[in-house]
Amino acid sequence: MRGWGDIPSGVPLREFGDMVLLPGLVDSHVHINEPGRTEWEGFWTATRAAASGGVTTVVDMPLNCVPETIATEALETKRASASAKTWVDWAAWGGVVRGNCDSLLPLAKAGVPGFKCFLVHSGIDGFAWVDESNLRLALIRLRGTGLPLLAHAEVAGPIDRATEKLNAHGADWRNYRTYLASRPEEAELEAITLLIRLAEEFDTPVHIVHLASARAVPLLAQARLRGTQITVETCTQYLHFAAEEIPDGATEFKCAPPIRGRQNRDELWAALAHGVIDFVATDHSPCPPEMKRLEQGRWDLAWGGISSLGLALPVLWTGMKERGVGLEALSGWLAAGPARLAGISERKGSLKVGADADFAVFDPESAWTVLPESLYFRHALSPFLGSRLHGIVRETWLRGEVVYREGQFLGQPRGRELVRP
């Protein structure tokens with residue numbers, strides 16, 4: 001091992017003392033929303049938020065921008081809108097919707113790392129959800145490309161039946177228990193069962209985004225034992241919050257699938273520790289504050305999405321400290337795992353020769369409270385406000401140059417698009 005005395009003269013050195021040097025984090029589930037909905041979020045604000053939390057690569061979801069990233073023309077529009085605005089590196093998932101099968105291979109050739117679909121209404125009319133017949137058409141095109149299909153794994157049937165029953169009985173939509181009951185676990189289980197079956201039939205990689213129900217863990221574990229190409233993520237909100245703690249009317253907590261109970265949270269942590277869940281993402285899905293309907297507090301009317309970009313590292317580390325999990329797990333769960341999914345692991349997600357010199361300088365001992373001034377995304381509205389967290393990012397380095405230090409962004413935006421070959 002080389003020591004300080006072995007470093008060639010003229011090479012600048014930085015001493016970080018007791019800080020922890022992590023690979024630059026990768027968040028593979030971010031809704032940037034630009035172009036078209038920059039008033040919700042945009043490349044400038046999203047990538048600053050990412051840098052503040054040690055994230056050096058974000059992968060943008062295809063549905064909340066206008067036009068949606070479901071054709072190469074839309075991808076080129078997104079690329080133009082990102083120019084000179086990104087403080088970290090980025091990539092863009094393509095989308096699978098009804099009727100765009102002929103656009104999938106051109107998008108793959110244009111460099112997207114994979115494709116996202118919804119098995120239930122996405123909240124965006126222009127990003128149409130798909131059923132099994134649509135999925136089969138898409139998987140025929142994707143078979144052999146090696147590109148993953150990412151799926152929002154809920155189906156509509158159980159949700160529609162539960163909602164109809166709740167409304168028939170005059171349920172109170174300010175009550176969080178009403179919202180939780182309206183998105184039953186069966187919706188996730190049915191979707192995941194379908195996706196496992198299709199992954200096996202088409203021998204194509206499938207990825208389950210934002211797993212919320214721990215009841216699906218045995219299905220996923222058994223599929224892995226059979227050699228099925230299926231991976232899964234969960235999100236910071238499912239590992240940090242519990243349904244029993246969410247106040248009625250607090251619609252800043254609304255997301256889909258919903259945050260479930262304490263026992264479910266503990267089981268998700270166990271699945272993560274045992275490797276059934278591959279990694280953790282944020283699913284940062286912001287909106288203008290008025291769309292959360294905080295004055296009404298009605299869960300059925302509020303936009304479903306949680307803002308948390310840049311908070312994943314301290315949120316996860318706080319939970320790990322409570323459970324006695326060592327620091328060494330962080331890089332796999334927040335860097336290497338999502339980098340593999342996005343096909344960028346040769347450059348991102350690890351500290352190795354040949355990779356980009358992306359680093360997060362992490363102080364694991366500092367405790368702090370999340371305040372509005374701690375947040376750099378566009379709207380400082382988040383259920384994490386007021387949370388007491390452990391660990392804070394002191395510096396973020398992108399390709400060998402510091403871009404964030406102690407609340408300051410240095411230089412000019414120098415992020416690049418990562419195009420999968």
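Which handedness does the β-α-β unit made by β8, helix α8 and β9 have? The close-ups below, all taken from a predicted model, start there.

**View 1. A right-handed β-α-β unit built from β8, α8 and β9.** The unit is right-handed, and helix α8 covers residues 217-225.

**View 2. Strand β9 and its other partner, β10.** Here we follow β9 to β10, residues 279-281. These two strands also run parallel, again with 3 bridges joining them. A handy landmark is T234, whose bridge partner in β10 is V280.

**View 3. Strand β9, tucked away.** Of the 6 residues in β9 (residues 230-235), 5 are buried, so the rest of the structure largely encloses this strand.

**View 4. L220 in the largest nonpolar core.** This core counts 107 residues, and F115 and L220 have the most contacts inside it. Helix α7, residues 185-202, is the top contributor, giving 9 residues. Zooming in on L220, and leaving aside residues up to four places away in sequence, its contacts are I192, I196, I208, L211, I230, V232 and V276.

Terms used. Residues are numbered from 1 along each chain as its sequence is written. This is a predicted model: local features need pLDDT of at least 70, side-chain atom pairs count only at pLDDT 80 or more; totals for chains, interfaces and linings use all residues. Side-chain values use heavy atoms; hydrogens and water are left out. Buried means under 20% relative accessible area, exposed over 50%, partly exposed in between (1.4 Å probe, protein chains only). Helices (H or I, at least four residues) and strands (E, at least two) are DSSP runs, numbered from the N terminus. A crossover is right-handed if, with the strands pointing away from the viewer, the path from the first strand over the helix to the second runs clockwise. Two strands pair if DSSP finds at least two bridges between them. A nonpolar core is a set of buried Ala, Val, Leu, Ile, Met, Phe, Trp, Tyr and Cys residues joined through side-chain atoms within 4.5 Å. Contact means heavy atoms within 4.5 Å.
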